[in-house]
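Here are some notes for a first look at this structure. Please read them with the model open beside you.

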Amino acid sequence: MKRDDFSWMIGGVQGSGVDTSAQFFAKAAAAGGLQVFGKREYYSNIKGEHSYFQVRVSRGTIRSHVDTVDMLATFEEETIFRHALEVRKEGAIIYDPDQDPKRLDQIPTIEANVRAALNAEFSRAGLSADVKGMLELARRRGVHIYPVPYNDILKEVGAKHGESSLSTLQRMLNTMAVAASFALLSYDENVVKDAVRKQFKSKPKVAEMNADAVGAAYDYMEEKYNGSFGTKLSPSVVDETRLFVRGNTVVAMAKELAGCRFQTYYPITPASDESEFLEAHSEIDLDGHSAQENPQTAEVAAMKAKGSIAVVQSEDEIAAVTMAIGGGLAGVRSSTSTSGPGFSLMAEGLGYAGMNEVPVVVTLYSRGGPSTGLPTRHEQGDLRFALHAGHGEFPRFVLASGDLDEAFYDTVRAFNYSEVYQTPVIHIVDKALANSDATMPMFDVNKVKIDRGVFLKEITDAVNGEFKRFKHTSNGVSPRAPLGTKGGVNWYTGDEHDELGHISEDPVNRDFMMDKRMGKVDLADKEIPIAERVNFFGPENADITVLSWGSTKGAILDAMEWLKQEGVSVNFLQIRLINPFPTEYATKILSKAKKVVGIEMNFSAQLVGVTREKTCVPIEQLVVKYNGRPMSAEEIYDSLKMIHEGKAPTKLVLKHGA
Amino acid sequence: MALKLSDLKTSAHNDWCPGCGDFGILNAVQMALAEMSADPSNTVVVSGVGCSSKVPHFIKTYGVHTLHGRAVPFATGIKLANPNLNVVVEGGDGDGMGIGAGHFVNSGRRNIDMLYIIHDNEVYGLTKGQASPTLGLGKKTKSLTSPNINQSINPIMLAVASGYTWVARGYSYDVRHLKDLIVKGINHKGYAFLDVLQPCPTYNDIQTKEYWAGEGNLDAAGKPKPRTYKLEETGYDGVVRSDDEVEMEKKVQQAVLKSFEFGDRTPIGVFYQNEFIPTYEERLAGRSPSYKTNPPAVQDIARPDGTPLANIDKIFEDLRVF
């Protein structure tokens, strides 16, 4: 397995700037034309617990995280205890020598089992249970240790800027750790300085002091460790525009583009960031792609040049989903974003939307369940629930994105499906995607098309003022007129209803309405192009066929490349639209596959179950993980290799993660 | 164009029990809408689940009969998506103050410009007469196996405490007075709450039509004394007339105190009115000025060829690293 990349990790106490450091590292790398993928791991906690961020950079395409750490940057002791042994041979650890005497038993946030395992290592090696001992353990494994006296360097920088307050200077610890890392890698100092200036562009004085801190760290590292670290990182010239984005943000901006103008939410991890982004960007420019074709007064044109999205923080998720459905009834593209516990509360509302054929989009950021589960950790455990959420039978479309690029275009599709087929759409974006940061080529807005389905601006066929909202049509989709449309009125009810929307318990009407609603799944199955519903990667015939969904995509693709180099051919069927399920296509691929391997971030391999049910193809080999940490490319590589060599149990459970 | 009462009637079969207080409320709503010449296609009646929540089917405006307890959040979504609509919410006391209590309270914090009418009959009718949140402790209506062991909610006090800016009570058999209250409630700029006392002839054998008419409540001359009286006839003034906080506080306190009167002398009319609190729509416009000039429901989102109208280049620029 040959990697053409570099994996850097930073850890620290939650709330102490770990995120900021990682963002800084990633942006400085990105500014040098490198591709970046960042994974954030944190506890359900505000301050005090350990969090870490792993950033993988490469000149080539990068789609996943790896378990290997090439360089670990630290500014406190817990990160050293937790991650020092993850650093590879010939890798590097940067630390503050002031930490040397800190003892393992002085860190209350380290779990008892982790502590016990480390103590066992210390006594085996005959080392003291402190930072010094920990680093000696790493050194004996071939890791290079780089002490950097941050405070001494910071004091010099402070003196130059007339800043003597240690607490103020310590705000630059993050900058120091990042700069020291780049210096070891002989990365272009000016790119790093520019990145830090950009980060603090609203505070020029702070920006200059930080740029000087970068310079001081470079000077120190060059003088002390010049050329001692084997790996170099150099900027690359690329000819494309790139963004650095996070999953939540990608979905939020796609919602604005898609025309979503009403968003509701109740605070929940890891979904709220999306709504907060929308709130912060609730005034929307409408001038871009519309050369307002109709002549209108300057006043009207000016009014139409800006739009707004109403973002409402609700009292609970029941209100969030029912408000959004209200928005849908009023003819506005509406959505709500949540995670497992909130989605559980939305079940009854979804049934109402199904019954009344109301377009609404629920963005479901799946995290570790059940109950409160692992609130800040990753899992794909809600697929079966999403497919069946709510009592009774109604069409729930379920769309799951595999990476940030898909999340962007799928967000638009979710609204299109929802309006064209007049039914709720659940868009699953898992935690690993929500909290992944990555460089991406600029999205192509020209690829985005809005399809609102049969949407009336005026009612012309009302009888006695009454409009048949649920009119019998040949394909089951009736013309939809928002509340407030002139020319007639109609009714909606959660009860079974007639064409006008009045309550009806008539058995003939019931059959008709059930057929009408449920028939939309078959209609969509016929109409939605297969390219929007699945991805198929790799050769047509392969030793192994992987079946998976969601954010495992990147790691699978990376593992496939490594395996190809070793002569193991793998192809990969990624299901994106899980209901309506692409039965015909999946059956065709899977029934001729030599060996199908289902890879999922849940206990019971839920997509495998759905696929078996739909295609009747037996799928025996599973690779699953449910410890809350996303699968790495190495884990998938190792698993597929084991499977290929016939050494794997039929249910292989992956365990890596910190 | 003047609207006739008959223009607001539908052909849907009404299956309420004979003598149900819901009829009076339905009539009053239709009379109010006719008097205001409300455009039916610009009016939406939103309800929850229960006997009273069937009401939208009998009114020829847009009608949205929603889920049990959820009329208010559905209505919130409708009104905020299209602030030009005239939205009236109706539902029972169990719907609004039992299963929907969280929404009852939290919607008060928003002050959305709509009217919420609660049909208050102290029982769950459609499920055959269980105690509702407004039935008093120790009372035993006829289908209860034993007296109620829950205390009752005071809807007026709860509404005032939650931030509703117009709070009133009506009586379903005083249809004209009720109609006037509904007109006022709709015209109020902000979130209006109207609690309507309503007999349930089938399950509530205590708060009957006769009870409210004064049965067993005799005056000195031995004549039945009605148990309701009109606030406006006693010189009570619940209207806040300036944005002076001291005055607002006084009017709130006065309404809360008044809300304790219940039983033999039960006030109906306007307890509290305050138009100096910004509406939620105004607050949204404070965050995004276009919400007022180009609200969600009137905004175009795409050109005829499906090209999005939104331009997110500024967001892209903020996120650009290369």
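1. Start with T264(A). This residue stands opposite V312(A) in strand 11 of chain A. The model is a predicted one, and the pairing belongs to strand 8 (residues 262–265) and strand 11 (residues 310–313) of chain A. These two strands run in the parallel sense, with four bridges between them.

2. Strand 8 of chain A also pairs with strand 12 (residues 334–338) of chain A. Three bridges join them, again in parallel. Look at F262(A) here: its bridge partner in strand 12 of chain A is S334(A). Are the residues of strand 8 of chain A buried or exposed? F262(A) and T264(A) on one side are buried, and so are Q263(A) and Y265(A) on the other. Both faces of the strand are covered.

3. Next, the confidence. The average pLDDT of chain A is 95, and 97% of its residues score at least 70. One stretch needs care: residues 288–292 of chain A have a pLDDT below 50. That stretch still has ten contacts in the model beyond near neighbours in sequence.

4. How is chain A divided? The domain assignment gives domain 1 (6–225), domain 2 (246–447), domain 3 (454–528) and domain 4 (535–653). The centres of domain 1 and domain 2 of chain A, taken over C-alpha atoms, are 36 Å apart. Twelve residues of domain 1 of chain A are in contact with nine residues of domain 2 of chain A. On the domain 1 side, helix 1 (18–31) and strand 2 (35–41) of chain A are the elements that give two or more residues. Strand 2 of chain A supplies the largest share, six residues. By class, that side of domain 1 of chain A has six nonpolar, three polar and three charged residues.

5. Now an eight-stranded sheet in chain A. This sheet is open, its pairing is mixed, and its strand order is 6-5-4-1-3-2-18-7. Strand 6 (144–147) and strand 7 (242–246) of chain A are the edge strands, each pairing on one side only. Neighbouring strands are turned by 20° against each other on average, direction ignored.

6. A six-stranded sheet comes next. It is an open sheet of chain A with mixed pairing and the order 20-22-21-24-25-26. The twist averages 20° from one strand to the next. Helix 20 (residues 552–565) of chain A lies across strand 20, strand 21 (544–548), strand 22 (570–575) and strand 24 of chain A. Helix 20 runs at about 170° to strand 22 of chain A.

7. Strand 24 (residues 596–600) of chain A joins strand 25 in parallel through four bridges. In that pair, I599(A) is partnered with V623(A). Strand 26 of chain A pairs with strand 25 in the parallel sense over three bridges. Here V624(A) stands opposite V653(A).

8. Which residues meet between the chains? The contact takes 77 residues from chain A and 59 residues from chain B. Helix 13 (residues 317–329) gives the most to the chain A side, with nine residues. That side has 34 nonpolar, 27 polar and 16 charged residues. Strands also pair between the chains: three bridges join strand 19 (residues 491–493) of chain A to strand 2 (residues 62–65) of chain B, which run parallel. T493(A) stands opposite H65(B).

9. Last, a helix in chain B. In helix 5 (residues 155–162) of chain B, the buried residues include P155(B), I156(B) and L158(B). G163(B), just after this helix, takes a positive phi of about 110°.

How values were computed
Residues are numbered from 1 along each chain as its sequence is written. Chains are lettered from A and ligands numbered from 1 in the order in which they are written. This is a predicted model: local features need pLDDT of at least 70, side-chain atom pairs count only at pLDDT 80 or more; totals for chains, interfaces and linings use all residues. Domain bounds come from an automatic or database domain assignment. Two residues are in contact if their C-beta atoms, placed from the backbone, lie within 7 Å. Ala, Val, Leu, Ile, Met, Phe, Trp, Tyr, Cys and Pro count as nonpolar, Asp, Glu, Lys and Arg as charged, and the others, Gly among them, as polar. Two strands pair if DSSP finds at least two bridges between them. Axes are lines fitted to C-alpha atoms, for helices over the stretch in contact, and angles run from 0 to 180 degrees between N-to-C directions. pLDDT is the predictor's confidence in each residue, from 0 to 100. A residue is buried if 20 or more other C-beta atoms lie within 10 Å of its own, exposed if 12 or fewer, and partly exposed in between; C-beta atoms are placed from the backbone.
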